[in-house]
Amino acid sequence: MEKNMTFPVVDLSKLDGEERDQTMALINEACENWGFFEIMNHGIPHDLMDKIEKMTKGHYKTYQEQKFNDMLKSKGLDKLETEVEDVDWESTFYVRHLPQSNLSDISDMSDEYRTPMKDFGERLENLAEDLLDLLCENLGLEKGYLKKAFRGTKGPTFGTKVSNYPPCPKPEMIKGLRAHTDAGGIILLFQDDKVSGLQLLKDGDWIDVPPLNHSIVINLGDQLEVITNGKYKSVMHRVVTQKEGNRMSIASFYNPASDAEISPATSLVEKDSDYPSFVFDDYMKLYAGVKFQPKEPRFEAMKNASAVTELTPTAAVETF
């Protein structure tokens, strides 16, 4: 990372003291210029985070490691003799929290793992909603505006992608996760504090997101860019593979309801907006086929409904 690029780290405990204004300004600057920031003292107990990390890494070793190795062999990736651009070096499973949890349906998840994961999900949901209200305050929107925009008739969707990025013998040949912006609302990431890999694109350079113990990394999805009329940005990011260490990533996505109508907030539009208005599910249908492409053509395509209906998705995208 360049010396003049200090990744924004926000101590949320300062919101309750004399440094509230400076802390809110730091959040606003991060949303405008980074699309990412990292939070400390967020209220989620450290012992709960430690248990989730231990159980997640144990679950991978017991249930997923062999499946991942079998996948490598089936796709001819165990040797990596040429660069691969259409597959990610990751092992994943998904947990849905809202509108209806699927935790009890995950057959290889023990109660010892399921119980803290439920607790963790509920705390992250509350944290996501608190953060959305902080964004409203910075944007001059009424409290609850963003939560209401996400609600639709069914309430928001909220789910977690649990990923492991195993060691890769030739990191230059394949990415852990290819570069993309996230389609949804606000994302909360609990990442490994020992094995790095997450990078974001800023001013043409890939910047490492520092792995900090007991932190939560926040990034903004495409829907917040649209609602804020581009004041806040979703940002391209990726995961690079490492020769050593298995990187854990638990990313939770607080997204709009499938029938939520998304559009720029009128108070943030001076004249005409360059951003489209659409139903979130229609955006996801488009995103499924072009996830790893730039966001701008997606926004443009949403202005033309036929562009969505004519698209044939090329990849499955979990919408929770």
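Helices (H or I, at least four residues) and strands (E, at least two) are DSSP runs, numbered from the N terminus. In these terms, Pro 99 sits in the loop between S3 and H3.

## Basis of the model

This is a predicted model, in which local features need pLDDT of at least 70 and side-chain atom pairs count only at pLDDT 80 or more, while totals for chains, interfaces and linings use all residues. Residues are numbered from 1 along each chain as its sequence is written, and side-chain values use heavy atoms, with hydrogens and water left out.

Two strands pair if DSSP finds at least two bridges between them.

Strand S6 (residues 186-191) pairs with strand S11 (residues 247-255) in the antiparallel sense over 6 bridges. Across this pairing, Phe 190 stands opposite Ile 250 in S11, and Leu 188 stands opposite Ser 252 in S11. S6 also pairs with S9, again in the antiparallel sense, over 4 bridges. Here Leu 189 is opposite Val 217 in S9.

## Burial of S6

S6 is mostly covered, with 6 of its 6 residues buried. Buried means under 20% relative accessible area, exposed over 50%, and partly exposed in between (1.4 Å probe, protein chains only). In a regular strand the side chains alternate between the two faces of the sheet. In S6, Ile 186, Leu 188 and Phe 190 point one way, whereas Ile 187, Leu 189 and Gln 191 point the other way, and all are buried.

## Helices on the sheet and against each other

Contact means heavy atoms within 4.5 Å.

Two packed helices are described by the angle between their axes and the distance between the axes. For helix H1 (residues 20-33) and helix H3 (residues 111-139), the axes come within 10 Å and cross at roughly 95 degrees. That makes H1 roughly perpendicular to H3 (angles under 35 degrees count as roughly parallel, over 145 as roughly antiparallel, 65 to 115 as roughly perpendicular and the rest as oblique). Arg 20, Met 24, Ile 27, Asn 28 and Cys 31 in H1 meet Leu 134, Leu 135, Glu 137 and Asn 138 in H3. By class, this contact of H1 with H3 has 5 nonpolar, 2 polar and 2 charged residues (Ala, Val, Leu, Ile, Met, Phe, Trp, Tyr, Cys and Pro count as nonpolar, Asp, Glu, Lys and Arg as charged, and the others, Gly among them, as polar).

## The four-stranded sheet

A further open sheet has 4 strands in the order S5-S10-S7-S8, with antiparallel pairing. Its edge strands are strand S5 (175-180) and strand S8 (205-208), each of which pairs on one side only. The twist in this sheet averages 30 degrees from one strand to the next. S5 and strand S10 (residues 237-240) run antiparallel and are joined by 3 bridges. Lys 175 stands opposite Val 240 in S10.

## Annotated domain

UniProt places the feature "domain: Fe2OG dioxygenase" (unreviewed entry) at residues 156-256; UniProt positions are given in the numbering used here, feature names are shortened, and annotations may be inferred rather than shown by experiment. Residues 156-256 are 6% helix and 48% strand, and the end C-alpha atoms of the span lie 5 Å apart.

## Loops and backbone details

The peptide bond from Leu 98 to Pro 99 is cis, with omega near 5 degrees. Asp 203 has a positive phi of about 55 degrees although it is not a glycine. Asn 229, also a residue other than glycine, has a positive phi near 55 degrees and is placed in the loop between helix H5 (222-227) and S10.

Asp 203 is found in the loop between strand S7 (198-202) and S8, and counts as exposed at 62% relative accessibility. Gly 204 is also in the loop between S7 and S8 and, at 61% relative accessibility, counts as exposed. Gly 204 and Lys 161 are 43 residues apart in sequence and 28 Å apart in space, C-alpha to C-alpha.

Methods. Axes fitted to C-alpha atoms, helices over the stretch in contact; angles between N-to-C directions.
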